[in-house]
Amino acid sequence: MSCQISTLCSIWFSVFTITVANGDSDLAFGSIGPKFEVAAIDGWPEDSVSFLNEYVVGSKPLLFQGAAKQSPAYTRWKDEYFLGLEDAEHTEVTVETEKKENRTQAAVVMYFKEFVEVYKYGNLYMVESVPDFLRKDVLLPQPLQCPELEDVILETIMWFSNGGTKSVLHFDAVDNINCVFSGSKEIYLIDPVKFADKVPIDHPEGNYCGVDVDRVNYTMYPGLREVEYYHATIEEGDCFFIPFKWFHQVRSQGRNIAVNIWFSHFGVLRQDFQKCHDIDIVEKDNTLMECDFPGLNQLNKDIDIIREVFSDLVRYRGVSTNDGLFDVLGKNHEDHLPPSIGPGLRRIMSKIFDVLDKDLDGQLVYDEVSTTTDETWNKVKDLFHEFEEYVTGDHEDLVMPEDEISDSAINARDEL
């Protein structure tokens with residue numbers, strides 16, 4: 001809800017400013033600041049092209065009221081139905097053990113049937129790709145039924161709990177349609193175009209902010225005083241569009257089951273989706289069973305995403321040195337691998353840094369990154385692939401002596 005009377009708004013803000021003046025507060029994320037309700041429509045849009053142009057390309061959230069009711073899952077997905085499925089007995093799923101998201105927590109693996117039997121009695125939260133045997137129950141969101149968009153769909157996740165979950169404040173490097181089949185969700189969003197410099201992503205390795213979403217510390221995160229929020233309640237049977245890179249935080253209420261579809265933002269931009277005007281001649285009852293989901297790792301092959309990552313790191317996160325780049329992109333891997341692996345990781349990251357450091361002055365600035373050519377970004381993409389293979393592969397023959405790292409990096413750039 002936005003403020004309509006400036007005097008009342010001023011009083012409202014002054015009261016909250018006094019409340020949290022000393023930093024820590026008893027206020028949950030989204031409690032302070034102007035709030036705007038997200039636009040809503042009944043069901044799916046009549047014209048997919050208009051939705052893609054106005055909301056995906058235009059980067060605006062949208063609530064689809066009642067759209068999830070078209071999927072069989074809306075009426076079928078009761079516990080009794082799940083327990084009666086033979087595949088539920090031998091399909092393993094990943095389960096978090098805390099409802100308040102903590103990305104350092106250990107997850108457990110159990111059979112889906114076992115989870116359904118016990119989830120209502122504790123803090124278990126299933127976060128898993130939609131099991132194959134349930135995909136026939138979920139219709140692909142109507143705006144994505146267009147054949148031209150087949151290759152942009154990346155992943156689908158099922159979120160299942162007895163309610164009370166709280167996500168971290170984060171963003172996703174994809175577009176997202178989330179459909180709620182049981183319970184409800186409350187979501188607060190922040191526009192990254194307006195407020196990217198106000199939301200500190202102090203965990204860039206996971207695209208999230210470490211703020212306590214139940215008790216916001218405005219001394220540690222002062223920018224959160226200055227942002228505007230978009231808000232929506234996603235009721236049972238609704239779907240919701242979360243745009244690419246929009247900051248958001250989500251809470252769930254009641255027995256809660258949702259399914260989201262992540263799809264490539266730049267993939268949409270590269271498609272001729274104007275052809276989707278002809279979607280009315282296409283069957284609109286494709287389920288998730290008819291889709292291929294290659295996974296979010298596909299983003300590592302997209303030079304537009306890679307360009308976006310580096311631009312954000314330099315422009316908003318202050319990354320300007322080789323060491324700073326490694327701290328963000330490599331340190332987490334180094335901390336979880338044998339000490340002998342570190343030099344190899346740093347070798348590859350040094351290659352990436354020097355490829356981008358056009359004047360070889362040891363400092364990255366935004367102008368360098370923003371004017372880098374596609375040819376160079378393709379080289380960075382290949383180096384990222386090398387980095388991933390190094391992290392997961394056999395390292396014995398790959399570790400380079402420390403004194404060879406810098407020369408190797410410069411040579412890699414010179415090849416361009």
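Mentor: Start with helix α9, residues 322–329, where Gly324, Leu325, Phe326 and Val328 are buried. Buried means under 20% relative accessible area, exposed over 50%, and partly exposed in between, with a 1.4 Å probe and protein chains only. Helices (H or I, at least four residues) and strands (E, at least two) are DSSP runs numbered from the N terminus. The model is predicted, so local features need pLDDT of at least 70 and side-chain atom pairs count only at pLDDT 80 or more, while totals for chains, interfaces and linings use all residues. Residues are numbered from 1 along each chain as its sequence is written, and side-chain values use heavy atoms, with hydrogens and water left out.

The cover over the buried residues of α9 includes α8, α10 (331–335) and α11 (342–356). Contact here means heavy atoms within 4.5 Å.

α8 gives 5 residues to the lining of the second largest pocket, the largest share. That pocket holds about 400 Å³ of space. Its lining has 20 residues, and Val193, Lys245, Glu308, Asp312 and Tyr316 lie nearest the centre. The elements that each supply two or more residues are α6 (192–195), α8 (303–315) and α12 (366–370). By class, the lining of the second largest pocket splits into 10 nonpolar, 4 polar and 6 charged residues. Ala, Val, Leu, Ile, Met, Phe, Trp, Tyr, Cys and Pro count as nonpolar, Asp, Glu, Lys and Arg as charged, and the others, Gly among them, as polar.

On a 1 Å grid over the protein atoms alone, a cavity is a set of points where a 1.4 Å probe fits but cannot get out, whereas a pocket is an open set with protein on both sides within 12 Å along at least five of seven lines; lining residues have an atom within 4 Å of a point. Points are joined across faces, edges and corners, and a volume is the space filled by probe spheres set on them.

Cavities come next. Trp44, Ala67, Ala68, Gln70, Ser71, Leu139, Cys179, Phe181 and Cys239 line the largest cavity. The class count for this lining is 7 nonpolar, 2 polar and no charged residues.

Two of those lining residues are bonded to each other: a disulfide joins cysteine 179 to cysteine 239, with 2.1 Å from S to S. The term covers any pair of cysteine sulfur atoms within 2.5 Å. The link of cysteine 179 and cysteine 239 is right-handed, with 110° about the S-S bond. Cysteine 179 sits in strand β9 and cysteine 239 in strand β12, 60 residues apart, so the pair links distant parts of the chain. Cysteine 179 counts as buried because its relative accessibility is 8%, and cysteine 239 counts as buried because the value there is 0%.

The search of the whole structure finds 2 disulfides. Another one joins cysteine 146 to cysteine 276, at 2.0 Å from S to S. The link of cysteine 146 and cysteine 276 is left-handed, with -85° about the S-S bond. Cysteine 146 lies in the loop between β6 (125–129) and β7, and cysteine 276 in the loop between α7 (265–270) and α8, 130 residues apart. Both cysteine 146 and cysteine 276 are buried.

Now the nonpolar cores. The largest has 51 residues, among which Trp77, Phe112, Met158 and Phe160 touch the most other members. A core is a set of buried Ala, Val, Leu, Ile, Met, Phe, Trp, Tyr and Cys residues joined through side-chain atoms within 4.5 Å. Elements that give two or more residues to this core include α2 (48–57), α5 (112–118), β7 (153–161), β9 (175–190) and β12 (239–242). The most, 5 residues, comes from α2. Leaving out residues up to four places away in sequence, phenylalanine 112 touches Phe82, Ala88, Thr91, Val93, Met126, Phe133, Leu134, Met158 and Phe160. A second, separate core of 26 residues includes Ile352, Leu364, Leu383 and Phe387.

For the chain as a whole, there are 14 helices and 13 strands. Buried residues make up 51% of the 416 residues. Of the contacts with a separation of 6 or more, 82% are between residues 24 or more positions apart.
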